[in-house]
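Hi everyone, thanks for coming along. Please have the sequence and the model open, and we will walk through a few places together.

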Amino acid sequence: MIPALKKQAAGNRLPTFLTILFVLLEVVMDVTIPYMMANLLDRGISGASMNEIIYWGAILLLCSFIALAFGVLSGHFAARASTGFARNVRRSLYHKIQEFSFANLDRLPSSSLVTRLTTDVTNVQMAYQMLTRIAVRSPAMLIFSFFMAYTINSSLSLVFLVAIPTLALGLFLLIRTAFPIFTKVFKTYDRLNTVVQENIRSIRVVKSFVREEHEIEKFNTVNAEIYNQFSKAEKIIAFNSPLMQGTMYASILAISYIGARLITTSSMTTGQLMSFITYTSQILMSLMLLSMVVVMLTISRAAVQRIEEVLKEESDITEKPDAVTTVKDGSIIFDDVSFSYTNQADKLNLEGITLDIPSGSTVGILGPTGSGKSSLVQLLARLYDVYSGSVKIGGVDVRDYSIKSLRDNVGVVLQKNTLFSGTVAENLRWGNEDASLEELIRAAKIAQAHPFIEALEEKYDSVVEQEGTNFSGGQRQRLTIARALLKRPKILILDDSTSAVDTKTEASIRAALKNELKETTKIIIAQRVGSVIDADQIIMLEDGKIHAVGNHETLLRSCTRYQKMYDSQMRKKERA
């Protein structure tokens, strides 16, 4: 068990200890029973004494019931220990994921994280239960049974010196061959999750383009690959059973033959031979169960490594012990900022960005797709860190703020509008969980969401389905804007977040933001010139660099690219 997972067993030490204790006590009783049987045969049946038969029979019955009780108790505590362990692992994984930066999530995509939280944790849970029961029972049974068999006849015990190394070598070769396949199959599981997630999330697109057959084929291809890989691994592991059974039967035959000869020379009794054969079965069965543990651990080893990878992953975004907790205002300074998603100097997404944005102003950002508009504003909430240079808010480098304080003061409405299952009010209160109904209404009015919310049957208590599928794109955008407003941020970022609303509603939103949020710095990323035409400052980006900066009139006179955008969008509209 790796150190990262040892910590997860901390809250389950008592049930784990009790599992091991009762397993050992069960083994003691199981090993005692063949000895009692030998006495029953030799003293009772062979001696034709009914009193001996009743006496040893009663002891056998009592030992059986005690062994049964210990077995039930060990199973009970093993279930508690393994499920508690899995709960802790799952919780630690989930909490760790919450700490990840966007860069961490780029390296560990959601499909892979889902597999690790489900399939991998289940495999580790099964392995933990086997470790606390079978992995304890099998070696204990092997040692105790061998000791008892040795006390009965030491020379006959030499049979095990041939059987045990044979099984160990065969098992080692099987595991060595199968493990790489099991490692590979979990990576294929990640691909399967990706296919399923994409299909479910984009089911409307799939149906509108009538691509169901294509998606089914994609799923079947990955599903068949998992089947083939598992089949190949299981075929290898399947050789374990005949190897074990063949060795066991060969050992029993050899012991029966040698034991019969010893009986004829009075060197061994019939009861002792029967006990020896029972101990032989216990020894070889212990080895068979131990091999099952090794097989399960082989499967779970890949899962453990994947879980460990998440638990050891450190967030790229950390805060200083003496982090600043107060954001003075919404002023922004970009000082020669360069940024790369891969953190490589030759793959910069932003380069040499220098800007000075006064608090309370409205800034528009324009540029073609891939010019770095979203990358620029994500640096403000410190969703990513700069590669070089610095970003300052309120005169303080964003890296010097506590993450909570910074993000509480930077409201971000991203391109993808995400709503959660619940009610409209519950979704809006993501911005401020203590917000009153009056505050919800005020934010909704600014975002122009109040009219359609009031038209709903349950108004602010209306149900929002998962991802807000029962609302239109424009309605979802307005709800997410209202949600961000409830944070009362010093900086509000709208990343193309009005693209799905009509121009009249968009103009109303801009006017409300200007009148109601005079102290808030507003940054609007847009594709339409009309969305930023009234901004105090318009930034034109191209290939991750600043192409031009100025207000509408300045850019209309000096920037050819802006002139072309204005002509193609606004003047055509005026002529229409």
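Let me start with a definition: the bend at a residue is the angle between two fitted axes, one for the seven residues ending there and one for the seven starting there. Helices (H or I, at least four residues) and strands (E, at least two) are DSSP runs, numbered from the N terminus. Now look at helix 7, where a kink of about 30° lies at Ala 178, shortly before the proline Pro 180.

Before we go on, a word on what we are viewing. This is a predicted model, where local features need pLDDT of at least 70 and side-chain atom pairs count only at pLDDT 80 or more, while totals for chains, interfaces and linings use all residues. Residues are numbered from 1 along each chain as its sequence is written, and side-chain values use heavy atoms, with hydrogens and water left out.

Back to helix 7, then.

Next, charged pairs. Side chains of opposite charge can pair when their charged atoms come close. We call it a salt bridge when a side-chain nitrogen of Lys or Arg is within 4 Å of a carboxyl oxygen of Asp or Glu. How many salt bridges does the structure hold? There are 16.

Let's visit three of them. In one, Glu 26 pairs with Arg 137, with the closest N and O atoms 3.4 Å apart. Glu 26 belongs to helix 2 (residues 13–45) and Arg 137 to helix 6 (residues 134–152), so this pair ties together parts that are 111 residues apart in sequence. For accessibility, buried means under 20% relative accessible area, exposed means over 50%, and partly exposed is in between (1.4 Å probe, protein chains only). Glu 26 is buried at 13%, whereas Arg 137 is partly exposed at 22%.

In another, Asp 400 meets Lys 320, and their closest N and O atoms are 2.4 Å apart. Asp 400 sits in the loop between strand 5 (396–397) and helix 13 (403–408), and Lys 320 in the loop between helix 11 (270–312) and strand 1 (332–339), so they link parts 80 residues apart in sequence. Asp 400 is partly exposed at 23%, and Lys 320 is partly exposed at 43%.

Glu 516 lies in helix 18 (residues 503–516) and Arg 442 in helix 15 (residues 437–446), so parts 74 residues apart in sequence are tied together. Returning to Glu 26, salt bridges that share partners join Glu 26, Asp 30 and Arg 137 into one network.

What about disulfides? Counting a pair of cysteine sulfur atoms within 2.5 Å as a disulfide, the total is zero. Among the cysteines, Cys 63 is buried at 7% and Cys 559 is buried at 3%.

Last stop: backbone angles. Most residues other than glycine have a negative phi. Asp 543, however, has a positive phi near 55°. Asp 543 is found in the loop between strand 11 and strand 12 (545–550) and is exposed, at 65%. Gln 448 also has a positive phi, near 60°, and lies in the loop between helix 15 and helix 16 (450–454).
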